[in-house]
Amino acid sequence: MGHDAYQTLRVSRKDGVAHVTIDNPPVNVLSVAVMTDVRRLLTALAGDDGVRVIVFGSADPDFFLAHVDMTATPDALAELMADLPDGVNVFQAVGEQLRRQPQVTIVKLAGKARGGGAEFVVAADMAFAAIDKAGLGQVEALMGIVPGGGATQYLTERVGRNRALEIVLGADLMDAETAERYGWINRAVPADQLDEFVDRLAGNIAALPDGVVAAAKRTIVPHDHADGLVQENDAWAGLVFRPTTAQLMGAGLANGAQTRDGEQDLEGLFRNLAGQMNKRL
């Protein structure tokens, strides 16, 4: 489980904690390669009694996971789709595997996470975010779709229906302190203290007496969202293949999406494009 085992992840382990650094430049999109690596890693660690905690961070200080790769094609997704659990799509499968991992999973959010990246954050057991640096957003509505990787279910569980609707339909980037207040993350932490805080917590959990972590994970169980995930996938699939969605995503890529400059205000970029398209209709 070293650096060479994965294309987009850097993995190390110490004292019962696996540290996973996502490294997929230029902006850490949730690509097919990242999803493949994450699922392989979680499968490999699931039976490893020597690891009690998995901490996910990013090699990029500005982006944890930007969002799902908008250039991904059905052909590129085919291998992942061939090995899906029943009742979930390829994006939901990542979140469901993360939610049901036997180890405690923690996200250390120092930069931005939108769309599928934000879904990854909410699927983890815990998330801690850097004040004045981290940002969370479900940007999908601005692209003409709804979230399709679990957000509609996980957010409702975390923040309530009213705030889930605000996040999904308002499609704004939320700062760490607001995300904490809503319950989207565990805690907003000063940026210069984030590493120390998460390392201390992960180390303390990993050092608990034998059986405690496993017992807690067995008894504090994630909600079963099976029916809701089917509904989410149906809603997402009904929108993602429309011509207007393809036009919006294509225009987004042409105007800076998935570049470092364009990703700084992705919401503004897509609001502007949607406005231009509406004027032409």
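The model is predicted.

In soluble globular proteins, nonpolar side chains tend to be buried together. The largest nonpolar core of this model has 72 residues, and among these Phe56, Phe64 and Trp184 touch the most other members. Helix 1, which spans residues 32-46, contributes seven residues to this core, the most of any contributor. Another core lies apart from it and has 16 residues, including Val17, Met126, Phe197 and Val213.

Helix 4 (residues 116-123) is mostly covered, with eight of its eight residues buried. These buried residues are Gly116, Gly117, Ala118, Glu119, Phe120, Val121, Val122 and Ala123.

The structure contains 14 salt bridges. One of them joins the side chains of Asp60 and Arg260, with an N to O distance of 2.5 Å. Asp60 is in the loop between strand 3 (53-58) and strand 4 (63-65), whereas Arg260 is in the loop between helix 11 (243-254) and helix 12 (266-280); the pair links distant parts of the chain, 200 residues apart. Asp60 has a relative accessibility of 10% and therefore counts as buried, the cut-off being under 20%. Arg260, at 32%, counts as partly exposed.

A salt bridge also forms between the side chains of Glu267 and Arg114 (2.7 Å, N to O). Because Glu267 lies in helix 12 and Arg114 in strand 6 (residues 112-114), this pair ties together parts that are 153 residues apart in sequence. Glu267 counts as buried at 6% relative accessibility, and Arg114 counts as buried at 1%.

In the salt bridge between Asp125 and Lys217, the closest N and O atoms are 2.5 Å apart. Here too the pair links distant parts of the chain: Asp125 belongs to the loop between helix 4 and strand 7 (126-131), Lys217 belongs to helix 9 (residues 212-219), and 92 residues separate them. With a relative accessibility of 28%, Asp125 counts as partly exposed, while Lys217, at 18%, counts as buried.

Glu177 is located in helix 7 (residues 176-182). The relative accessible area of Glu177 is 41%, so this residue is partly exposed.

Technical notes:
Residues numbered from 1 in each chain as written. Predicted model: local features only at pLDDT ≥ 70, side-chain atom pairs only at ≥ 80, totals over all residues. Heavy atoms only, no water. Helix = DSSP H or I, 4+ residues; strand = E, 2+ residues; numbered from the N terminus. Buried < 20%, exposed > 50% of the residue type's maximum accessible area, 1.4 Å probe, protein only. Core = buried A, V, L, I, M, F, W, Y, C linked by side-chain atoms within 4.5 Å. Salt bridge = Lys/Arg side-chain N within 4 Å of Asp/Glu carboxyl O.
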